Amino acid sequence: MVFSPLSSLQPRDWHKTIHVRICRKWEFHGSNENGPLQHIDMVLVDNQGNTMYAEIPAKEADKLGPMIQVDRTYVIARFKVCNAKKIFKSVPGPYMLEFTCHTKISAATEQITGPKYIYNLTPFEKLPEFINDTKKFHDILGIITEINEPEWIPFSNQPNPSLRRDIKLTDGCGQEIKMAIWGSKATQFKVPEDPNTEDRPAIVLFTGCLVKYYQENFYVSGYSACHWYINPDIPEAGSLLNRTHGQSYKIKRSGIPIAQQSQPEPPPVPDFLTLQEMEAIDPYEFPATGCRCTVTIVRLVETQNWWYPACNLCKKSCLPEGSSYRCPKCNILDMYTYKYKLPFFASDGTEESEMIAFAAVAQSIVGKPVETVMRSIRNRDNIPPDIAAIISSKFTFSVAMA
Ligand SMILES: [Zn+2]
């Protein structure tokens, strides 16, 4: 059988067959791991070392997901080649694969053994350039200097707390970075304690990371897309080891094992109020836990934009400057991400109120990421059909006082 190299695939290539190893595979459940599965993600590599990102949509996940295992080689046919996503790119390249109900997957007789690791390192000193930038995932390499036990972290906008494990890495040149690994990945991350090798540097390659900002410092964050390889056999790990000149690195370990920690109580569920009851509350007496209301969206506030360019550092709105945007607070140019700021009037029959839905809440109302909706229209000042379609939909909101 003739297999097509991944680098030769083009949109509308319906009849090609590929021979690939599954280098990474993970599930994406949105910002909450307990949420419904949105898609299964994979990084594929062929025997020429070409890579491509591939996705199994949620509706095909039950059938196709179990047929694919990491580090195994498959012959795959009847897939769709599409334009790569513009955000959260795992590997470079203009296209991605989408598996469909027609996709055929069979275990290959000939295994692809190399390359074992697919990565494109971002040096530590470049990481601050990508704070809150969601265009691509980053891969980093460092020596572990500190590992904390996972901890429960409560979130005001989520019903359940999340697990986070903090670690520290050095690049062997004196620069140290903090990293946070979230959710089930926090408990999965382990570097075995071995008294025979404990002074030898433990080098780790992390793939699929994002750069975040907290209390005026950046840190690297690893969630569902994050994978790691301890002491990987790659040339950069050899150079890193050489830079240490035989220095010993004993990992500092701290924290209480998760089995001995009690999970924090979930925050109290806010009471249901009607809009009329809410309006009647003195702002100073508004419940600290907020409240809930069930309303129907009656119309949009058409005089205001439904999107804004949010500064990657402070999240505030950036101002136009020529064809660029500048954050007036941080005074930086073109470091922004478009976000929703969707104003509308809603009614529950007792009262009509103006509400604003931001970012993730607005995305769950509209059902599409803001970039997708912005791409669908020519003039951004017009109301696109996806936004107009929210009128008459009914939602239960948790409301906070701003
Ligand atoms: Zn800013």
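Which residues of the largest nonpolar core touch the most other members?

## The model and its parts

This is a predicted model, in which local features need pLDDT of at least 70 and side-chain atom pairs count only at pLDDT 80 or more, while totals for chains, interfaces and linings use all residues. Residues are numbered from 1 along each chain as its sequence is written.

The protein chain is divided into domain 1 (6–107), domain 2 (124–260) and domain 3 (275–399), with bounds that come from an automatic or database domain assignment. The centres of domain 2 and domain 3, taken over C-alpha atoms, are separated by 34 Å. The UniProt record, in an unreviewed entry, places the feature "domain: Replication factor A C-terminal" at residues 296–381; UniProt positions are given in the numbering used here, feature names are shortened, and annotations may be inferred rather than shown by experiment. Over residues 296–381 the chain is 16% helix and 41% strand, and the end C-alpha atoms are 24 Å apart. Helices (H or I, at least four residues) and strands (E, at least two) are DSSP runs, numbered from the N terminus.

## The nonpolar cores

The opening question can now be answered: in the largest nonpolar core, which has 30 residues, Ile144, Met179, Ile181, Val204, Phe206 and Cys209 touch the most other members. Strands β8, β10, β11, β12 (203–214) and β13 (217–230) each supply at least two residues of this core, and β12 gives the most, with seven residues. Apart from this core lies another, of 21 residues, among them Ile18, Ile40, Met52 and Ile76.

A nonpolar core is a set of buried Ala, Val, Leu, Ile, Met, Phe, Trp, Tyr and Cys residues joined through C-beta atoms within 7 Å. A residue is buried if 20 or more other C-beta atoms lie within 10 Å of its own, exposed if 12 or fewer, and partly exposed in between, with C-beta atoms placed from the backbone. In soluble globular proteins, nonpolar side chains tend to be buried together. Valine 204 touches Gly142, Ile144, Trp228, Tyr229 and Ile230, not counting residues up to four places away in sequence, where contact requires that the C-beta atoms, placed from the backbone, lie within 7 Å.

Strand β10 (residues 162–170) has several partners, and two strands pair if DSSP finds at least two bridges between them. With strand β8 (residues 138–148), β10 pairs in the antiparallel sense over four bridges, and glutamate 146 stands opposite lysine 168 in β10. Strand β9 (residues 151–153) also pairs with β10 in the antiparallel sense, over three bridges, and there tryptophan 152 has leucine 163 as its bridge partner. Between β10 and strand β11 (residues 176–182) there are seven bridges, again in the antiparallel sense, and leucine 169 is partnered by isoleucine 177 in β11. These two strands, β10 and β11, form a hairpin with five residues between them, and glycine 172 in the turn has a positive phi of about 80°.

Strand β1 (residues 17–28) pairs in the antiparallel sense with strand β4 (residues 73–77) over five bridges, while eight bridges join β1 to strand β2 (residues 39–46), which runs antiparallel to β1. Valine 20 stands opposite tyrosine 74 in β4, and the bridge partner of valine 20 in β2 is aspartate 46.

## One side of helix α5

In helix α5 (residues 359–366), the buried residues are Ala362, Gln363 and Val366. Because these residues cover an arc of only 105° around the axis, they lie on the same side of α5; the arc is that of the directions from the helix axis to the C-beta atoms. The buried residues of α5 pack against β19 (336–347), β20 (352–358), α6 (370–375) and α7 (385–388). Glycine 367, whose phi is positive, near 90°, follows α5.

Most residues other than glycine have a negative phi, and most peptide bonds are trans. Aspartate 71, found in the loop between α1 (58–64) and β4, has a positive phi near 70°, and counts as partly exposed, with 13 C-beta neighbours inside 10 Å. Glutamine 215, in the loop between β12 and β13, has a positive phi of about 50° although it is not a glycine, and is exposed, with 5 other C-beta atoms within 10 Å. The peptide bond from glycine 114 to proline 115 is cis, with omega near -5°, and proline 115 lies in the loop between β7 (104–107) and β8.

Technical notes
Contact = placed C-beta atoms within 7 Å.
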